[in-house]
Amino acid sequence: FVDAATGYPTGHDTLYYHLPGAIRWMQQQSLNPMPGIAIDRTCENGMIVPFLLAFARLERLFPLVHLPKALVVAATVFSLARFIEVRPLPAVIAAIIALSVPMVVFQSFSGYVDLYAAASWLSALLAIAWAIRAATARQRRNLILLAGLSAGVAVGAGTNLLVVTTML
């Protein structure tokens with residue numbers, strides 16, 4: 001944990017276009033795409049926090065950017081399990097299993113945006129599930145709006161992640 005939390009983010013995507021894109025944004029003080037690289041590879045909304053960290057000269061915090069997304073994944077897995085009326089202890093175990101998946105552990109401390117997208121998709125799914133049981137039309141409308149916004153954030157992290165997240 002200490003090594004992952006204090007080390008530089010790793011992985012091809014991170015080193016090839018995610019972090020260079022965030023650094024370029026910081027240098028230009030603009031969210032311009034990088035020449036020669038597809039726009040969806042540089043303008044992912046999952047890199048906005050690293051962009052802000054780079055701008056604030058807090059690059060050492062890059063490895064921790066996606067850790068909160070892992071916690072969101074665990075919370076949504078727990079909540080979805082409870083939604084389908086799983087008892088609390090098995091729901092906690094399901095959340096722990098989700099957190100222990102090697103790819104989730106790896107991406108919790110890397111610059112990849114897949115975990116960011118998965119957390120957004122699961123949040124959208126949870127909002128839809130809660131909308132089904134909403135007590136009023138206003139609550140249902142607000143939850144559907146939240147689901148749409150969350151799904152939009154997930155798509156903004158990369159449309160190729162639709163398949164990856166569906167497999168989760």
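Student: In which hand of crossing, left-handed or right-handed, does H4 pass H7?

Tutor: Keep in mind that this is a predicted model. The crossing in which H4 passes H7 is left-handed. Here H4 covers residues 67-83 and H7 covers residues 114-132, and their axes come within 9 Å of each other, crossing at roughly 25°. Angles under 35 degrees count as roughly parallel, and H4 and H7 are therefore roughly parallel to each other. On the H4 side, the contact takes in Lys69, Ala70, Val72, Val73, Thr76, Val77, Ser79, Leu80 and Phe83. Facing them from H7 are Leu115, Tyr116, Ala118, Ala119, Leu122, Ser123, Leu125, Leu126, Ala129 and Trp130. Sorted by type, the residues of this H4 and H7 contact come out as 15 nonpolar, three polar and one charged.

Now stay with H4 and turn to H5, residues 88-100. The axes of H4 and H5 come within 8 Å and cross at roughly 150°. With over 145 counting as roughly antiparallel, H4 and H5 are therefore roughly antiparallel to each other. The H4 and H5 crossing is right-handed. H4 brings Ala70, Val73, Ala74, Val77, Phe78, Ala81 and Arg82 to this contact, and H5 brings Pro88, Ala91, Val92, Ala94, Ala95, Ala98 and Leu99. The tally for H4 with H5 is 13 nonpolar, no polar and one charged.

Next, go back to H7 and look at its packing with H8, residues 137-156. The H7 and H8 axes are 8 Å apart, and the packing angle is about 165°. That angle is on the antiparallel side of the cut-off too, so H7 and H8 are roughly antiparallel to each other. H7 passes H8 in a left-handed crossing. From H7, the residues that meet H8 are Tyr116, Ala117, Ser120, Trp121, Ser123, Ala124, Ala127, Ile128, Trp130 and Ala131. Their partners in H8 are Arg140, Leu143, Ile144, Leu146, Ala147, Ser150, Ala151, Val153, Ala154 and Val155. This H7 and H8 contact splits into 16 nonpolar, three polar and one charged.

One last stop is the aromatic side of things. Phe83, which belongs to the H4 contact with H7, has the charged end of Arg133 sitting over its ring, 4.0 Å from the ring centre. As for pairs of aromatic rings, with centres required to lie within 6.5 Å, the count comes to zero.

How values were computed: Residues are numbered from 1 along each chain as its sequence is written. This is a predicted model: local features need pLDDT of at least 70, side-chain atom pairs count only at pLDDT 80 or more; totals for chains, interfaces and linings use all residues. Side-chain values use heavy atoms; hydrogens and water are left out. Axes are lines fitted to C-alpha atoms, for helices over the stretch in contact, and angles run from 0 to 180 degrees between N-to-C directions. Helices (H or I, at least four residues) and strands (E, at least two) are DSSP runs, numbered from the N terminus. Angles under 35 degrees count as roughly parallel, over 145 as roughly antiparallel, 65 to 115 as roughly perpendicular and the rest as oblique. A crossing is left-handed if the near helix is turned anticlockwise from the far one by less than a right angle, and right-handed if clockwise. Contact means heavy atoms within 4.5 Å. Ala, Val, Leu, Ile, Met, Phe, Trp, Tyr, Cys and Pro count as nonpolar, Asp, Glu, Lys and Arg as charged, and the others, Gly among them, as polar. Rings of Phe, Tyr and Trp (its six-membered ring) pair if their centres lie within 6.5 Å; planes under 30 degrees apart count as stacked, over 60 as edge-to-face and the rest as tilted. A charge sits over a ring if NZ of Lys or CZ of Arg is within 6 Å of the ring centre and within 35 degrees of the ring normal.
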